Amino acid sequence: MPHPYKGQRPVVIEAERLSMVSKWPAEYNAGVRVNEKLKSAVRLFKGEVLGSEGVAVHEGVLYLLDRYGWVHKAAEGEDGKFKLEKNVTYVGPGRPLGFHVTSSGIILCDSVKGIVLAQFPLSHTTQPVILHNTDHLNRPINYFNDLDVHGDTVYFSSSCEGAVALDSGKGYYDTMMGFLMNAMKGDASGRVFSFNMKTKEMKEIVNGVWYANGVAVDPTGRYLYYCETSAFRVMKVDLETGVRTPIITHLPGYPDGLTFNPTHTALYVSLVALPSPLSLVLPYPTLRVLLSHFASIFTYFSKPHGCVVKITPTGEVLDTYMDPTGEVVSSVSSVTEHNNRLYIGNLMGDYVSYYQL
């Protein structure tokens with residue numbers, strides 16, 4: 001298999017996991033209804049912010065992290081227009097993914113470096129600090145993805161054992177190719193951890209996840225939710241007992257980001273892409289090895305599409321926000337609700353958006 005799985009063999013994907021995979025073309029259940037709500041969304045910073053997985057809002061300011069490692073800020077003027085301040089701070093090298101803004105600065109998952117803090121005030125001279133980059137046994141973690149913060153504790157996902165490779169032609173670490181390589185290998189090596197920033201205590205919460213992604217913790221700190229992307233589902237973990245429960249399965253797209261609304265009564269599940277023909281080759285390890293050398297072909301089958309599913313903490317679908325043709329919003333990777341707006345990150349695009357609720 002090619003980098004980053006060179007020298008490794010594919011694994012057999014057992015029948016139980018295969019049964020979790022959503023069908024291609026996408027099928028919508030009774031709760032998820034096709035609509036065009038996101039066609040009324042407003043694009044921001046078209047052509048200026050490339051691949052910001054999310055949008056954070058802190059004290060009225062938008063924060064964005066692009067695929068090259070730059071932090072950008074924007075504030076809304078009285079005329080309703082946003083003024084973008086580009087390249088405020090560099091947090092690379094690496095690929096910034098999930099992040100949160102706190103009173104002390106930006107805490108982010110860098111796919112390569114680990115849990116990183118960029119302290120306020122931000123400037124070109126800001127030196128990001130690596131808070132942690134190994135697991136509970138002090139072994140390196142190769143793929144940091146998303147995080148949530150509760151008090152002094154950072155909960156974060158490691159998508160899989162494989163690393164995210166640098167695409168020297170494009171100049172950034174390509175997480176989409178990392179996902180495809182993991183799909184070709186077929187292992188369920190994702191994990192979710194907690195790290196206490198004060199005591200430095202590190203715990204492994206779950207392992208054996210088929211590509212761990214978005215993470216959200218409830219305000220009590222009792223329950224943790226995470227997206228299992230390749231299994232098309234969202235899981236709930238009781239942090240006191242360790243019991244894991246799927247709350248929604250067979251989603252009509254690959255779940256990426258996972259965030260609570262401000263009242264913590266609902267979760268937003270960002271579906272970054274529709275199911276693809278990739279599902280057809282999963283049962284065949286030898287075929288997956290051959291296709292791993294041409295894995296980018298699967299991106300051509302991925303039609304532009306934007307979708308966010310709003311669910312209760314028990315998995316009941318409350319609402320769906322969709323752009324079925326992806327003309328305005330596509331490849332949704334994370335959502336932040338603030339002041340009756342959904343701010344929408346875009347993993348693959350050159351803009352972010354907001355939708356007025």
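How many residues of strand 7 (residues 105-110) are buried?

Mentor: This is a predicted model, so read what follows as computed geometry. Strand 7 is mostly covered: 6 of its 6 residues are buried. Buried here means under 20% relative accessible area.

Take the neighbours of strand 7 next. Strand 6 (residues 96-101) pairs with strand 7 in the antiparallel sense, over 4 bridges. A hairpin of 3 residues connects strand 6 to strand 7.

Now look at Asp-110. In strand 8, the bridge partner of Asp-110 is Gly-114. In general, strands of a sheet pair through backbone hydrogen bonds, either parallel or antiparallel.

Step out along the chain from this part. Pro-93 sits in the loop between strand 5 (82-90) and strand 6. A cis peptide bond joins Gly-92 to Pro-93, with omega about 0°. Beyond strand 8, the loop to strand 9 (129-132) holds Pro-121. Phe-120 and Pro-121 are likewise joined by a cis peptide bond, and omega is about -5°.

Backbone phi deserves a check as well. Asn-87 is found in strand 5. Its phi is near 50°, a positive value in a residue other than glycine. Asn-87 is partly exposed, at a relative accessible area of 29%. Lys-200 also has a positive phi, near 70°. Lys-200 lies in the loop between strand 14 (190-196) and strand 15 (202-209). For context, most residues other than glycine have a negative phi, and most peptide bonds are trans.

An open sheet of 4 strands has the order 16-17-18-19, with antiparallel pairing. Strand 16 (212-217) and strand 19 (244-248) are the edge strands, and each pairs on one side only. From one strand to the next, the twist averages 30°. Inside this sheet, strand 17 (residues 223-228) and strand 18 (residues 233-238) run antiparallel and share 6 bridges. Tyr-226 stands opposite Met-235 in strand 18.

Next, the nonpolar side chains. The largest nonpolar core has 30 residues. Those with the most contacts inside this core are Phe-179, Met-184, Tyr-254, Leu-278 and Phe-298. Helix 2 (175-185), strand 21 (267-273) and helix 3 (278-281) are the elements that give two or more residues to this core. Helix 2 gives the most, with 6 residues. In soluble globular proteins, nonpolar side chains tend to be buried together.

Finally, the surface. Trp-24, Leu-280, Phe-294, Ile-297, Tyr-300 and Phe-301 make a nonpolar surface patch of about 690 Å². Phe-301 lies in the loop between helix 5 (297-300) and strand 22 (306-311). Phe-301 has 44% relative accessibility, so Phe-301 counts as partly exposed.

Conventions
Residues numbered from 1 in each chain as written. Predicted model: local features only at pLDDT ≥ 70, side-chain atom pairs only at ≥ 80, totals over all residues. Heavy atoms only, no water. Pairing = 2+ DSSP bridges. Axes fitted to C-alpha atoms, helices over the stretch in contact; angles between N-to-C directions. Patch = residues over 30% accessible without salt bridge, like charges linked within 9 Å, V, L, I, M, F, W, Y side chains within 5 Å. Areas by Shrake-Rupley, 256 points an atom, 1.4 Å probe, with all protein chains shown as cover. Salt bridge = Lys/Arg side-chain N within 4 Å of Asp/Glu carboxyl O. Buried < 20%, exposed > 50% of the residue type's maximum accessible area, 1.4 Å probe, protein only. Core = buried A, V, L, I, M, F, W, Y, C linked by side-chain atoms within 4.5 Å.
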